[in-house]
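Hi,

Here is the structure I promised to pass on. Have a look, and my notes on it follow below.

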Amino acid sequence: MSTPFPFTAVVGMDDLRLGLLLNAVSPAVGGVLVRGEKGTAKSTAVRALAALLPEVPVVTGCRFSCDPAAPDPRCPDGPHGGASAEARAARMVELPVGASEDRLVGALDIERALSEGVKAFEPGLLADAHRGVLYVDEVNLLHDHLVDLLLDAAAMGASYVEREGVSVRHAARFLLVGTMNPEEGELRPQLLDRFGLTVEVAASREPDLRVEVVRRRLAYDDDPAGFAARWAGEESALRERIVAARALLPGVRLGDTALRRIAATCAAFEVDGMRADIVMARTATALAAWAGRTDVTADDVRQAALLALPHRRRRNPFDAPGLDEEKLDDTLEEFRGDEDPDPDGPDGPDDPEGPGGGGGRPPSNGPDGPDGPEAPDTPAQDGPARDDTPAPQETDAQPEPQPEGGQPQRAGSGEQSPVRSAEPFRTKVLSVPGLGEGAAGRRSRARTERGRTTGSRRPRGALTKLHLAATVQAAAPHQRARGRSGPGLVVRRDDLRQATREGREGNLVLFVVDASGSMAARRRMSAVKGAVLSLLLDAYQRRDKVGLVTFRGKDAELALPPTSSVDAAAARLESLPTGGRTPLAAGLLKAHDVLRVERMRDPARRPLLLVVTDGRATGGQDPVALAARAARLHAADGTASVVVDCEAGPVRLGLAASLAGDLAGTAITLDELRADSIAGLVRDVQQRSDGHRDGYVTTDPRRAA
């Protein structure tokens, strides 16, 4: 077994270490979500926590880690009356992003259950994590069906495995710890709320700190065991402090004044539900115990708010998590004069390892230096994704808006500064025709592991979803030959049938946005950005990957490579300038190259091309014909396409509809895109591929999210 990097040797990262230690003191806090850019020691710190956790007493031989003092009466390995006990180290169980459902919850042997009536159950990761830590690296990339199972287990404290009437239940109470890079996409709100605390981490810009990080990492890589031995004293001291704080925790008093502060803070920041109040109360109590005090102070409440509220304030996926600290201080100040008495003084006992006011920070890192120079606090309001695209320079000479329906804008027009998008709205559903087999999502029809049963087949590999009727039908003709004499059905492995199911998949939604001078009227571009933002929000809700191609001037550019981070796409959209010629063909060709590469990377994920334009094309010889030829390349590939027609004004040229014809797709106006629009309530537009009726691009408000 490899030697983990010592927790006390982690440089800086005060908020991260504090969040993990508070959960070690009080697992009821509910876990921690660690958000940050790649290469910031998120996973290293989480894995190092396991060595600090106290040992866990378990029933000897129980695969489900039952507590000898209170064994689970419904444990599959029970009953445990009079069983012996043993102590073992607390487990850190890692859930891989690509894990199967059976690996997470456990597997039932359906063949034995049908033929012998035996509940042969193999425990999964939820059973292993009971009374320990369940760690999910890149939790934002976890498949939806696994997220649903995690939510159920976290809410009920138990895991249920059911297969065609055969059911097994076992306890599953664990500390949920997740790490994620926001650039790769956000979490579903339901799972986000399950994490008690959240912390933002970023690499230090202080050279001395970075030098210390490299020095320690190189020393660890050269001799892991020797490096860990040098930090053994600090690790032991920290472990003892956790044990002491756990022992003190039941005696910490959460007074009425502290409770009022908590309730007032949650109300002031308009968080949903009551979970935030409960988590803040538990966190503030753990902070007091960590600092060695028996009373919760205002500073404990303030620190608890900074850890427990930022991720609960998001109202849509484009909101950056964070907390207005000035507003927080004003809210707490209203109760400052009614402080509960604290027998140990306002700051508790002397604690050189905690910041003033009782927030309680992790200990220093020993004689080799407490992490080098003082680490700067991690900003609490970092956005969910970093956008390094430089903002365009605003010029004094703004081009005059081109009349709607007039001639295309000529070269030489100046560049307009970015226009703010209009308010997003609920859109109709745009789906890819046919039946796919891509990653689970909520957009297009697909064969999936979850959904409605549509048929059966022989299983390839392990049986996961039994089709009972088809299995019985396959076994019935052979009962006499197999010597059946009783009421039971004689079932062999060859009789088993896997259920085929139809659900929804996520797609790759590639936006091709016209940012040329023909779109430069500010009110018009604002409406266009609002429409694209609405489609991005829809893509987020339907678990799609998104990409953004823009074209203006002389060429097109890939503003955002395909990613799961729709908020990154929204940030690029907001900074999009307009002006110049309209190289429509270049935009379509760039999109064709992007989709070609993505088909090689992920052939199962079907693309949906959304071209946002008025259909005009300028530049070069016969730009309209060039655009038509580029569009027909997408049609030849069978790419599902929708043209969002941005043309407005009394005179309309209908160029977007012609472009949609070349793409073998459909055109839809900005007004028809709205889910509540009267125009085009349900539009099934026939795809033209080789002259055959092979599918539809559907816009249906009845399925709008």
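This is a predicted model: local features need pLDDT of at least 70, side-chain atom pairs count only at pLDDT 80 or more; totals for chains, interfaces and linings use all residues.

Along with Leu20, Leu309 has the most contacts inside the largest nonpolar core, a set of 65 residues. The biggest contributor to this core is helix 12 (residues 275-290), which supplies 10 residues. There is also another core, lying apart from that one, with 37 residues, including Leu33, Cys62, Leu95 and Val168.

The other spot I looked at is Asp544. You'll find Asp544 in the loop between helix 16 (522-541) and strand 17 (545-552). Is Asp544 buried or exposed? Its relative accessible area is 4%, so Asp544 counts as buried, the cut-off being under 20%. As for partners, the Asp544 side chain makes a polar contact with the side chain of Arg443, at 2.6 Å. Arg443 is also on the list of residues that Asp544 touches, together with Gly506, Asn507, Val509, Ala539, Ser564 and Arg605, again not counting residues up to four places away in sequence.

Now for the whole chain. The protein chain has 705 residues, and 53% of them are buried. If you take contacts between residues at least 6 apart in sequence, 79% of them join residues at least 24 apart. The accessible surface comes to about 31100 Å², with 50% of that belonging to carbon and sulfur atoms.

Cheers

Definitions and conventions. Residues are numbered from 1 along each chain as its sequence is written. Side-chain values use heavy atoms; hydrogens and water are left out. Buried means under 20% relative accessible area, exposed over 50%, partly exposed in between (1.4 Å probe, protein chains only). Contact means heavy atoms within 4.5 Å. Accessible areas come from the Shrake-Rupley method with a 1.4 Å probe; for residues, only the protein chains shown count as cover. A nonpolar core is a set of buried Ala, Val, Leu, Ile, Met, Phe, Trp, Tyr and Cys residues joined through side-chain atoms within 4.5 Å. Helices (H or I, at least four residues) and strands (E, at least two) are DSSP runs, numbered from the N terminus. A polar contact is a pair of N or O atoms within 3.5 Å; within protein, one must be able to donate a hydrogen and the other to accept it, and residues adjacent in sequence count only if both atoms are side-chain atoms.
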